[in-house]
Amino acid sequence: MQNKEWRNDAYLSLGGVHDKKDSLPQSLKRFLNKNSQVIDISLHLDNDEVGIKARNNLLELLKDKYNVVSETSSYGKDINDELQHLIKVKRREIER
């Protein structure tokens, strides 16, 4: 996440875990149908049992048509934990 120009990418919240093994979440299916230029997908799901199962399912469903990577947070269970941690670290650096 660091040093990446995030404004050049599209972001989509899945709105929770999708547990159907044979289909994509509606929000993702709709997004991909409307954005046929998408070829690269980066998954950022929770790093817990449920998130790992959902990640593995999505990787399997998407692998034949897209370049899919799964990025886990380096701190905490999800990307929000990591962002909150980075904010605290930056604040401490500024206060020094």
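I began with Arg55 and found its place in helix H2, which covers residues 49-62. I keep in mind throughout that this is a predicted model.

For Ser70, which lies 15 residues from Arg55 along the chain, I read a separation of 7.3 Å between the two C-alpha atoms. I also recorded a polar contact of 3.4 Å between the side chains of Arg55 and Asn56.

I turned to the largest pocket, which holds about 1,200 Å³ of space. Its lining is made up of 32 residues, and Ala10, Tyr11, Leu12, Ser42 and His44 are the ones that lie nearest the centre. Sorting the lining by class, I wrote down 18 nonpolar, 8 polar and 6 charged residues.

Which element gives the most to this lining? I found that it is S1, with 4 residues, while helix H1 (26-34), strand S2 (67-70) and helix H3 (79-95) are among the elements that each supply at least two.

Last, I followed H3, whose 17 residues reach 24 Å from the first C-alpha to the last, close to the 24 Å expected at 1.5 Å a residue. At the start of H3, I saw that a side-chain oxygen of Asp78 comes to within 3.2 Å of the backbone nitrogen of Asn80.

Note on methods
Residues are numbered from 1 along each chain as its sequence is written. This is a predicted model: local features need pLDDT of at least 70, side-chain atom pairs count only at pLDDT 80 or more; totals for chains, interfaces and linings use all residues. Side-chain values use heavy atoms; hydrogens and water are left out. On a 1 Å grid over the protein atoms alone, a cavity is a set of points where a 1.4 Å probe fits but cannot get out, and a pocket is an open set with protein on both sides within 12 Å along at least five of seven lines; lining residues have an atom within 4 Å of a point. Grid points are joined across faces, edges and corners, and a volume is the space filled by probe spheres set on the points. Ala, Val, Leu, Ile, Met, Phe, Trp, Tyr, Cys and Pro count as nonpolar, Asp, Glu, Lys and Arg as charged, and the others, Gly among them, as polar. The expected span of a helix is 1.5 Å times one less than its number of residues. A polar contact is a pair of N or O atoms within 3.5 Å; within protein, one must be able to donate a hydrogen and the other to accept it, and residues adjacent in sequence count only if both atoms are side-chain atoms.
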